[in-house]
Amino acid sequence: MIEKWKKTVYEYIHNRNQLEVDYKVEPLLSTVRDDRYLRKQEYRLRRLQAGHRERRVKPLRNETGLVIRQTAEHEHGPQIAVDVEMRRSLIYELAGLRHTEERKERERLTVSRIDGQWLVTSVEPENAERMSRFAPPSEALARAEEEQFQQQAYHNRSVPYLNPRLINSYGFEGSFRPVMYNRLKAQEYANKWWDGDNPAYIAFEVDCTSFVSQCLFAGGAPMNYTGKRETGWWYQGMSQKLELWSFSWAVAHSLCMHLSTSRTGLRAEIKDHAAQLTIGDVICYDWDGNGRFQHNTFVTAIDAAGMPLVNAHTVNSKHRYWDYRDSYAWTPNTKYRFLHILDQF
C-alpha cells in the first residue's frame, strides 16, 4: 500500500505536469501550501503563455516521469523531506510541425501532516539557472595557484590539447594547423550528454558552462593552453586539490568574455539577434542586466520559425526555447549575448 504522503507527492507531480499546457496554477492548490512557490509559478506561467502566444506555439501535451531519489523524516514532527527528479517532455506544434522539448528537473519537497492531511509545504528547485559555479579568486590566490601549476610534471606548452584521455576519445591530434569547426559533432555531443555527465570530465554541481565548453571541444575547438587560470580556454582535470582548468572553461561570465574578445583559436562574433545563430553557437544570459553573465546554453536545433533551440546543463534541457522566459531565473532585466562561433580555428 502506498504511504499517504506519497499519494500527495504523486498528485502534486500530476498537477504540475499540466502547468505548461493549461497555464493555470489552481490545480496545485489542492496539495501545495507554499505561497512563495505558488506566486513564482503564477508569474512564470504568465510569461510562458505570453511567449507561446508571440511564437504561435500550441502546446499539445506534457509527459512527466517521476523518480523519488531519497527521503528523510523530520525528527520533531510528521514532516518528510522528499528529493524528486522529474523527466519532462513537452510536445507542441509550431507552424504545422511538432517539436519536443525535454528537461530533467530536481526539487526538494517538504511534505507535512496538517490536520490529518499530508500537504506539500515547501518546494525548492535543486538546480536553478541563476546559480553561478564560482567567481574567479583573488589576484593573490590566482598567483599561488599558477605557481603550483607550473610545478606539475606533465606541464607542456607545446601541446594545445591537455588531457590524453580526451584527445583519444575525440580523435584530435596535437597540432597547430587550422581546423574547421565541426558543428555536427558538437551537436551530437550536446544531444548525447544533455541529461548526464561525461565521466571524462569533472562533474560540477553547477556545470552549464563546462557543458558548453565540452560541446565546443567535441566540435574541434582547440584548447588555448596558457598555464594561467585567468587567460586562455583549457581543461586538464584535477591534481590533488588543485583545479586545472581556466575560468573560461567553467565560469559563465569568463567563457562569454573569452568568446567575445579572443582573436585566435576559439572565438566568436557577437550577433544582434537570436535568429542570426545556427547549430553549434552559444547564448549567454545576464539575468540582472548588470553586465555579468550567469548562464550559458548551446544551440542544437532551429525551430519551424527559424529560432534557436538550446541544450543546457544545471537544469538539464534539450531543445529548449532560447529565451528562457520559462525559467525562475529570468527577470525583466535579462539581457542576452548571441555568439556565432567562427568556423575556422
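Within the largest nonpolar core, which has 37 residues, the members that touch the most other members are Leu-216, Trp-233, Trp-249, Val-282, Phe-298 and Ile-341. A nonpolar core here is a set of buried Ala, Val, Leu, Ile, Met, Phe, Trp, Tyr and Cys residues joined through side-chain atoms within 4.5 Å, and buried means under 20% relative accessible area with a 1.4 Å probe, counting protein chains only. At least two residues of this core come from each of α6 (183-193), α7 (208-218), β6 (242-245), α8 (247-250), α9 (252-261), β8 (282-286) and β12 (335-341), and the largest contribution, six residues, is that of α7. In soluble globular proteins, nonpolar side chains tend to be buried together.

The model is predicted, so that local features need pLDDT of at least 70 and side-chain atom pairs count only at pLDDT 80 or more, while totals for chains, interfaces and linings use all residues. Residues are numbered from 1 along each chain as its sequence is written, and side-chain values use heavy atoms, with hydrogens and water left out.

The protein contains nine helices and 12 strands, taken as DSSP runs numbered from the N terminus (helices H or I, at least four residues; strands E, at least two). Of its 345 residues, 54% are buried. Among contacts (heavy atoms within 4.5 Å) with a separation of 6 or more, 63% are between residues 24 or more positions apart.

Strand β9 (residues 295-302) is mostly covered, with seven of its eight residues buried.

| Strand pair | Sense | Bridges | A bridge pair |
|---|---|---|---|
| β8 and β9 | antiparallel | four | Ile-283 and Thr-297 |
| β9 and β10 (308-312) | antiparallel | four | Val-299 and Val-310 |

A hairpin is formed by β9 and β10 with five residues between them, and Gly-306 in its turn has a positive phi of about 85°.

Ser-112 lies in strand β3 (residues 97-114), and this serine counts as buried because its relative accessibility is 6%. Leaving aside residues up to four places away in sequence, Ser-112 touches Pro-78, Gln-79, Gln-117, Trp-118, Leu-119 and Thr-121.

How values were computed: Buried < 20%, exposed > 50% of the residue type's maximum accessible area, 1.4 Å probe, protein only. Pairing = 2+ DSSP bridges.
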